[in-house]
Amino acid sequence: EYMGNQKAEDDIVENVVIQVNSLTSFGEEFKRMLRLANRSQNSRIEGFLKAAAEFEERYLEFDFKKVYLNNSESLLIIIKDVSHLKQVTKLRAIDQYKDSLLASVTHELRTPLNCIIPMINEAIKDESVSQDLKENSLKPSVNSAKLLMNIVNDILDYSRFKRNKLKLNWEGFDVYEKLSEIIKLFEIQCRYKGLNLSLDYHRSVPRIMSGDKDRLGQVIINFLSNALKFTAKGGIKISVYPSGKEEGYVVFQVSDTGIGIKQEHLQLLFTEFGKLEADEHAALNPHGVGLGLMISNKLTFLLGAKEGIQVASEYGNGTDF
């Protein structure tokens, strides 16, 4: 009956995907389609039915094709297990939900930080507050809040990168002034560890440049954060000088005298969650998640770099980013 309604030149009679969550429902659905196709024997699929029953949920695609065997019209039933395709769709939906949740959480974190930082800055400006309280409590607090804001920005940028929604805000700004502000964030921590923190700004590099000052600052802060974690003695230096490879390009370099990185570990630095798990690195950075350098590397390309972040390191003798 069903076959009789099809045109002779039609090869594919029906294509349907059903959700199977039990052997009983599978058998009933398959028998229904066989009845529609005017075929009642299903003994040949008994083994397939038993195999399908071993899974809680499967997605099966049925193709019904008209064929001729020994000059007799027959029906070819092709059954494809497409469960993996449905699973991929589910995983993509879950991944999108996680990215959306991550973006929402980081936005919520930024709101209180955007309130806390200005309030502490106002307290620092207040002449009635003692200088001792400012130096030992308020300034370290506001610096920590700003560093936390940088981490939040990294997480938010990670979510934006995955959705291709990251945009830069290009404008002219004073690079020397921006770097001086960043140095102030780390001065107290460096002083606590007995480290020297300096800025070497080459005289031929103009102070005013065009770019996204916040994104540049984000990259430099990530460099300094890593340098601070893995440097116990000596110092950290920010250097800004003309590129010897490309005219009109400027190199921003952060050097430290820390423990350095083994050559076999360098390739992990810019991978997603590429945290170094060697004993010495894990002990100095137990709570790092491995997003900062990956985000920074992507940002450098957006800021105009042609090769991304370059790393030079000798294990035991420091690192240059």
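Colleague: What should I know before I start?
Modeller: The model is predicted, so local features need pLDDT of at least 70 and side-chain atom pairs 80 or more, while totals for chains, interfaces and linings use all residues. Residues are numbered from 1 along each chain as its sequence is written, and side-chain values use heavy atoms, leaving out hydrogens and water.

Colleague: OK, in what order do the strands of the open sheet run?
Modeller: S5-S7-S8-S10-S9, five strands with mixed pairing. Strands are DSSP runs of E, at least two residues, and helices are runs of H or I, at least four, numbered from the N terminus. Two strands pair if DSSP finds at least two bridges between them.

Colleague: Which ones are the edge strands?
Modeller: S5 (196-201) and S9 (312-313), as each pairs on one side only.

Colleague: Switching to rings: how many aromatic pairs are there?
Modeller: Two in the whole structure. Rings of Phe, Tyr and Trp (its six-membered ring) pair with centres within 6.5 Å; planes under 30 degrees apart are stacked, over 60 edge-to-face, the rest tilted. Tyr-176 and Tyr-201 are edge-to-face, at 5.4 Å centre to centre and 80° between the planes. Tyr-176 is in helix H5 and Tyr-201 in strand S5, so the pair ties together parts 25 residues apart in sequence.

Colleague: And the other pair?
Modeller: Phe-223 and Phe-321 are stacked, 5.3 Å centre to centre with 20° between the planes. Phe-223 sits in helix H6 and Phe-321 in the segment after S10, 98 residues apart.
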